[in-house]
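Dear colleague,

I am handing over the structure we spoke about, and I would be glad if you kept it open while you read. My notes on what was found in it follow below.

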Amino acid sequence: MDRRTCLQHLSALGLLSLSSGWKLMDETLLKRPILSASEWLPAVGLGTWQTFDVGSNATERDPLKAVLKTLVERGGSVVDSSPMYGQSEKVVGDLSTEINVNNKLFIATKVWTTGEQEGIAQMNQSFNLLQRKTIDLMQIHNLVDWQTHLKTLRGWKEQGKVRYIGITHYTESAYNAMEQIMLREPLDFIQINYSLLSLKAQERLFPLAQEKKISVLVNQPFEEGALFHRVKGKVPPEWAEEFNCHSWGQFFLKFILSHPAVTCVIPGTSKPQHMLDNLSAGLGRLPSEKQREEMVKFINT
């Protein structure tokens, strides 16, 4: 069963409506605390890599407006972008302003260049593109020239130009470097890959993040679609109903959210029905530790 078929089944069950506006179950979206502050974040957000890298054509942009509208209307706020993602920052800024939700978003973006002045110029450009006077979270993308940019970001945080600072990566080869930075430097966030097929982050990075009160954003939750390919033609196991799971997307995301170190997962999508399905992962029960083990076995057999 593919994702589209799963969503049709959800509609039949009355868990969402595909015709007269999107409807979630009457529950509140899970929130998790930002560990360095007294603020809570919705645990399901939106990544913009590839999906928001579009032009000005209404055919391309209108579905993305619906994605942002669905995110906000159903209790979400976190949107993650980067200068690396082509036109994504500009599209997020344009569309969120157009539909009047920009001020309701928790905007996370990144600096992805070398050199102090180059970093400052790139980050200021991000402010302009995202149409923001304050960026909620500025991250150093893939640790590029992190020492230089971290110095700038500390100053900007003190000035209130950015609210939180962090570092990101998406490969296990960077984990040792991330660990050393986390041990030495005060950070608000890390962003890292984690999924049913990539579990290494839970060995050392997640416990360290909890110890150091560093919040965690999770990228690549679907392994760029590899998880959906792995279960093609299958339906979620019946026991997934025990933690209110009704689709494969929810299965993959609920596994991630059930780790206590995870603050927010940021799957990317350009489809409002997928945005709604992703948000549904933050509703209802989450898997127990025993169920998490069963989920790993199920996907890897």
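A polar contact is a pair of N or O atoms within 3.5 Å, and within protein one of the two must be able to donate a hydrogen while the other must be able to accept it. Please also keep in mind that this is a predicted model.

With that term in hand, we can begin with Tyr85, whose side chain makes a polar contact with the side chain of Lys110 at 3.3 Å. Tyr85 sits in the loop that runs between β4 (78-80) and α3 (88-98). Is Tyr85 buried or exposed? Its relative accessibility is 10%, and because buried means under 20%, Tyr85 counts as buried. Once its neighbours within four places in sequence are left aside, the residues in contact with Tyr85 are Thr48, Trp49, Asp53, Asp80, Lys110 and His141.

The axes of α3 and helix α4 (residues 116-130) come within 7 Å and cross at roughly 35°. On the α3 side the contact is made by Glu89, Lys90, Val92, Gly93 and Asp94, and on the α4 side by Ser126, Leu129 and Leu130. Sorted by class, these residues are three nonpolar, two polar and three charged.

A second pair is formed by helix α2 (residues 58-73) and helix α10 (residues 272-280), whose axes come within 8 Å and cross at roughly 20°. The two helices are therefore roughly parallel to each other, and their crossing is right-handed. Here Pro63, Ala66, Val67, Thr70 and Leu71 of α2 meet Pro272, Met275, Leu276 and Leu279 of α10, and this contact divides into eight nonpolar residues, one polar and no charged.

The last pair to look at is helix α6 (residues 175-184) with helix α7 (residues 205-212), which pack at an angle of about 10° with their axes 11 Å apart. It follows that α6 and α7 are also roughly parallel to each other. Tyr175, Met178, Glu179, Met182 and Leu183 in α6 meet Leu205, Leu208, Ala209 and Lys212 in α7, and by class this contact has seven nonpolar, no polar and two charged residues.

Terms used. Residues numbered from 1 in each chain as written. Predicted model: local features only at pLDDT ≥ 70, side-chain atom pairs only at ≥ 80, totals over all residues. Heavy atoms only, no water. Axes fitted to C-alpha atoms, helices over the stretch in contact; angles between N-to-C directions. Helix = DSSP H or I, 4+ residues; strand = E, 2+ residues; numbered from the N terminus. Parallel < 35°, antiparallel > 145°, perpendicular 65-115°, else oblique. Left-handed = near helix turned anticlockwise from the far one by under 90°. Contact = heavy atoms within 4.5 Å. Nonpolar A, V, L, I, M, F, W, Y, C, P; charged D, E, K, R; others polar. Buried < 20%, exposed > 50% of the residue type's maximum accessible area, 1.4 Å probe, protein only.
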